[in-house]
Amino acid sequence: MTGTMEGIGHNSNWKRDFHHRNNSWDATHSSSSSSSSSSSLVNKNERLPHSFGPQRDFKKSKLTRETYREIHERVLQHFGKKFSFDPSLHTWQLPEPDEMFATDDWQEDRLQHMKEALNAVKSKLNDYNLGDWHKHTRAMNMAAYILKAVKNRCQAEFVTQAWCKFYEIVATYDLVPESANTDGCFNSLHLCEAPGAFIAALNHYLKLNKHLSWKWLSTTLNPYYEGNPLSCMINDDRFILHTLENWTFGADFTGNLMDTSNFKHILKESQKMGDVLLVTADGSIDCQENPGEQEHIVSALHYCEAVTALHALAAGGSFLLKIFTIYEHDTICLLYLLCCAFKHVNIYKPATSKEGNSEVYVVCLEYIGSELMEPWLKILRQHYGEEKQQKAMFPRQLIPDSFIRRVFECAEKFKNLQVAVIERNIAVFEGIDQPFEFNWKLRDMVTEHYIEHCKLTKLKDDDYIVGKHKLMETVALNVGPKNEEGSFNDRCKKRKLDPSEQLRVLQDEVTNLEIKWPFEDEDIKWLTFQQKLLKKFSIRIGKPIHTVESSKFCMGPLLGMHNQVGFIKPHKQDCAVIFCGYRSGSHTLLSCIEDIANEMGRLDKEGLKQAVLALVPISVLCGYEQEEIDETQPGSDVRQEDQSEEKINVDIDFHRCVTHINNLCVKERIIHVVNAVL
Ligand SMILES: C[S@@+](CC[C@H](N)C(=O)[O-])C[C@H]1O[C@@H](n2cnc3c(N)ncnc32)[C@H](O)[C@@H]1O
């Protein structure tokens, strides 16, 4: 899933949801197939660029000492995408708090020209079929073997692209401050962190390199809050499901960091750990509607992440923030704020970050502390929220030119790197250029360099957070098939289709989704109510849900299609849920029902804009919650075995049954409505 998080070029969104027919390859390439350049760009039998072909041919070429040196040089360059702001070498100071948000927004022409130049190069990709383009860039990616090597050789848990990026960063910069080593304690807070790979990577790093007592808390858009749109989340909760006690989803259960009450709630929760010495913030927002304005779109989220970190961190702490480009006043001011609040600020593009996208990480070390920052934090709190600021955080004339010059250098450096990669990828895709002859060796050496630089080895069995096998066995029934067909321009055209054409596209898509009743030889699946569920009964309240945008119990793409139609009540339903054997005598059940009624009454009476959202923790519904066993009791070992049997039953029967029934019903409703309208 995380493979889709960082796109390339103009389609540089971390999350995509494409429902396109694959017509752009033919449209773009077959029409030009008579030209000599296009005939050279394809393999003999398949109509695909050279980069898709087997690498065996290249291995025949001889590797001379000179070539080896060249490869070595390229490897070092690949790991050297760094820029330092060196605040300690300057006399940069924050403007007076009352100067903040007092002047209109401003622009730097030089940075705006860079933005235009970069967007012009990115937009050359607008007609490429996304699936083909991704296949091509994967084939060109120097770091392509790293993920597999970490998985196989280091047996790490929950390895994703994000895992590899974080490990590289923590192995390159001292994110764990020296004071943690002295005290033997280390607490970290992770913002915008689903699906959780940074945490798994940090655990691996700490277990291999430090002997610390580590506590962590994490927050993200809640994958179990059904009002959160899938387009804003990563549909993978395997790690979260097993570590729920370490996650907080704020005061309203949405997990939205940009909500002020959630911000306060998260700070309160993180304070319970003690001094927080590391905050990571990896937030991103789907920009596929307007990819050229990625920086603008994410700026409010980045502001909230940084402000949360400045409040949560103890003096001396580290902050890691993902950003994209640095062309607008929001990012320039935010960077200036960070440069005045930390002793060291570095910008790093990990070798494992896809080279064609704009993502870079701001690595901030040695925080001066919230006490010193309080006069500015007070103003920052007043401007916290989802709304994009109309005013600039600082007036341009109060930011030193020496800082702005460093911004130019930094922005230029990363723009040039990105443009060079995109141009090169296009040239190879179009057959104008050949892939590097020794790509295979380059990839091997990049992988070896990574493993060596990170000093990566295996963990001891009991050092994992969840455990590889447990994670692998965790089912994610709501994840739909990935669809990368069509190009960026195809998607734009699709949005402009008239409603009946849109419905026809939808009809095609939904009919092609393969969903069927999974219990082939049984027409009815009987589930037995498990009394033990009541032991876990706990009412969860939060922001009311008006539209179900995502669900652990329904396939994601299907819900997306469902929400595209204005629904008419369907007349025909083939699935039904039958409840038999009412337990009128269950005392516990009755008292639970009474609690629900009381809670709803209270919310109503107190006029709270909150609703009852859940009655049993999600881990219980999915069958992953262990019952506490009193080990002093005779036979507890036997009951533990029984329990794992029971656990599997709940998982397979309940979760699977509910999800499949939802999928079937939703699919049928969509087809019914679309057919009725067309
Ligand atoms: C790139 S992913 C993070 C990956 C993560 N660091 C990992 O290692 O697995 C970005 C995350 O930001 C989250 N996010 C986006 N907007 C958010 C918001 N307003 N509040 C909280 N989380 C948000 C998304 O749900 C997504 O999980």
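This is a predicted model: local features need pLDDT of at least 70, side-chain atom pairs count only at pLDDT 80 or more; totals for chains, interfaces and linings use all residues.
Residues are numbered from 1 along each chain as its sequence is written. The chain has 24 helices and 12 strands, taken as DSSP runs numbered from the N terminus (H or I of at least four residues for helices, E of at least two for strands).

**Overall packing**
- Of the chain's 678 residues, 39% are buried, where buried means 20 or more other C-beta atoms within 10 Å of the residue's own, with C-beta atoms placed from the backbone.
- Take the contacts between residues at least 6 apart in sequence: 84% of them join residues at least 24 apart. A contact here is a pair of C-beta atoms, placed from the backbone, within 7 Å.

**Nonpolar cores**
- The largest nonpolar core holds 133 residues, and Trp163, Phe166, Val279, Leu338 and Val362 have the most contacts inside it. Such a core is a set of buried Ala, Val, Leu, Ile, Met, Phe, Trp, Tyr and Cys residues joined through C-beta atoms within 7 Å.
- Helix 14 (residues 329-341) supplies the largest share of this core, with 9 residues.
- Domain 1 (159-454) and domain 2 (475-677) each give this core at least three residues; the bounds come from an automatic or database domain assignment.
- Another core, of 5 residues, lies apart from that one and includes Leu125, Tyr128, Leu130 and Phe488.
- Beyond its neighbours within four places in sequence, Trp163 touches Ala156, Phe158, Ala197, Ala200 and Ala201.

**Ligand shell**
- Around the ligand sit 24 residues, of which Ala162, Cys192, Ala194, Ala197 and Asp282 come nearest. The cut-off is a C-beta atom, placed from the backbone, within 6 Å.
- That shell splits into 16 nonpolar, 6 polar and 2 charged residues, with Ala, Val, Leu, Ile, Met, Phe, Trp, Tyr, Cys and Pro as nonpolar, Asp, Glu, Lys and Arg as charged, and the others, Gly among them, as polar.

- Ile169 is part of helix 8 (residues 161-172) and counts as buried because it has 22 C-beta neighbours inside 10 Å.
- Setting aside neighbours within four places in sequence, the contacts of Ile169 include Leu320, Tyr348, Tyr361 and Val363.
- Strand 9 (residues 360-367) is mostly covered, with 6 of its 8 residues buried.
- Strand 9 pairs antiparallel with strand 7 (residues 313-323) over 5 bridges; pairing takes at least two DSSP bridges.
- Strand 8 (residues 342-348) also runs antiparallel to strand 9, joined by 6 bridges.

How values were computed:
A residue is buried if 20 or more other C-beta atoms lie within 10 Å of its own, exposed if 12 or fewer, and partly exposed in between; C-beta atoms are placed from the backbone. Two residues are in contact if their C-beta atoms, placed from the backbone, lie within 7 Å.
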